[in-house]
Amino acid sequence: MIPDWRTNFLYFSELLPRKHPKLFKNLISILNRENIKYDFIYSTADIWCRDYMPIQINKDTFVQFIYNPKYLREKKYENLKTNPEKVFWKEKEKFTIRFSDLVIDGGNVICSEKAVILTDRIFEDNKHLKKENVLEKLSKVFQTENIYIVPKQPYDLYGHIDSMIRFINNDSILINDFSKESSSFISKFNRLLKNLPFDLVFLNIKAFHKYSWCYLNYIRIGNTILVPVTGHYGEHHVIEQLKKIFNGHEIYEIPSIPILRKGGGLHCITWNILRPN
């Protein structure tokens, strides 16, 4: 797999500059400063792009999953559902894109070079298959037996992993602060964490607020990390932790309340890949 620290190119929906010009301007000023190239995905239905875009398996190959999220199946949301077959990105023809019959959102997949982690939402979205069949398909498509499933966060409409856990490197994962969740979830979650073959690093949030989930929904591209922030008074404590965890990386804070209000963070509005030189 291609983890985010190996990527070097970033895509946005073509709608982002028009719908959120200030946010986009802040983002590209940093990308330009860090000499990170970017482009646009065309024919998207909304600003989001992570969930329906294919996942990069190696430098030449992507896998396109079925995009049919439960939260967009009502008729009133049809206009917000992008069709992956209709989107266009300039270098699309340069890569091999394979297709899978699994229903998966890109926001529910995080990977290192050796392993993949998803939430158990994968089983809800593929109820027509037995769990062991889902795991077999995942192992085949990601070309690894190291597939790990954790429980989705309670009351999370989307059931994604990318605000819960992120890989630091091949051997370590960063875990959001779930200390305010129910004791039953914490017990179940911690029990599964103990079975994961990674060093566990826990984010500590001293002052919770309605968008506390957002700090792990960052963009990481190479050695650059762009973190969504809200201006909350306790935020500096989180940023200081991230600077220590990602020592040697450039950490930037991006005011992101306009998109957080819509239910997503910076990881959700971007799609990063490894583009061969």
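**Entry 1: helix H5**

I started with helix H5 (residues 183-193) and looked up its buried residues, which are Phe185, Phe189 and Leu193. They cover an arc of only 65° around the axis, so I find them on the same side of H5. On the other side of H5, I noted Ser183, Ser184 and Arg191 as exposed. A reminder to myself: this is a predicted model.

What do the buried residues of H5 pack against? I found strand E8 (147-150), strand E9 (165-169), strand E10 (172-175) and strand E11 (199-202).

**Entry 2: aromatic pairs**

Next I turned to the rings. How many aromatic pairs does the structure hold? I read off 22. To describe a pair of aromatic rings, I need the distance of the centres and the angle of the planes.

I began with phenylalanine 65 and phenylalanine 142. Their ring centres are 5.8 Å apart and their planes stand at 40°, so I wrote this pair down as tilted. Phenylalanine 65 lies in strand E4 (residues 61-66) and phenylalanine 142 in helix H4 (residues 131-142), so the pair ties together parts that are 77 residues apart in sequence.

Are these two residues buried or exposed? Buried means under 20% relative accessible area. Phenylalanine 65 has 6% relative accessibility, so it counts as buried. Phenylalanine 142 has 1%, so it counts as buried too.

Then I checked phenylalanine 178 and phenylalanine 185. The centres of their rings are 5.8 Å apart, and the planes are at 80°, so this pair is edge-to-face. Phenylalanine 178 counts as buried because its relative accessibility is 8%.

**Entry 3: charges over rings**

Here I looked for charged side chains over rings. The charged end of lysine 131 sits over the ring of phenylalanine 123, 5.1 Å from its centre. Arginine 166 lies over the face of tyrosine 218, and I noted 4.1 Å to the ring centre.

**Entry 4: the cavity**

A search of the whole structure gave me one cavity of 30 Å³ or more. The largest cavity holds about 320 Å³ of space. Its lining has 20 residues, and Ile2, Arg50, Val109, Cys111 and His267 lie nearest its centre.

Which strands each supply at least two residues of this lining? I listed strand E3 (55-56), strand E6 (110-111), E9 and strand E15 (270-273). The largest share, three residues, comes from E15.

Note on methods: Residues numbered from 1 in each chain as written. Predicted model: local features only at pLDDT ≥ 70, side-chain atom pairs only at ≥ 80, totals over all residues. Heavy atoms only, no water. Phe/Tyr/Trp six-rings, centres within 6.5 Å; stacked < 30°, edge-to-face > 60°. Helix = DSSP H or I, 4+ residues; strand = E, 2+ residues; numbered from the N terminus. Buried < 20%, exposed > 50% of the residue type's maximum accessible area, 1.4 Å probe, protein only. Lys NZ or Arg CZ within 6 Å of the ring centre and 35° of its normal. Arc of directions from axis to C-beta. Contact = heavy atoms within 4.5 Å. 1 Å grid on protein atoms, 1.4 Å probe; cavity = no way out; pocket = protein on both sides within 12 Å on 5 of 7 lines; lining within 4 Å. Points joined across faces, edges and corners; volume = space filled by probe spheres on them.
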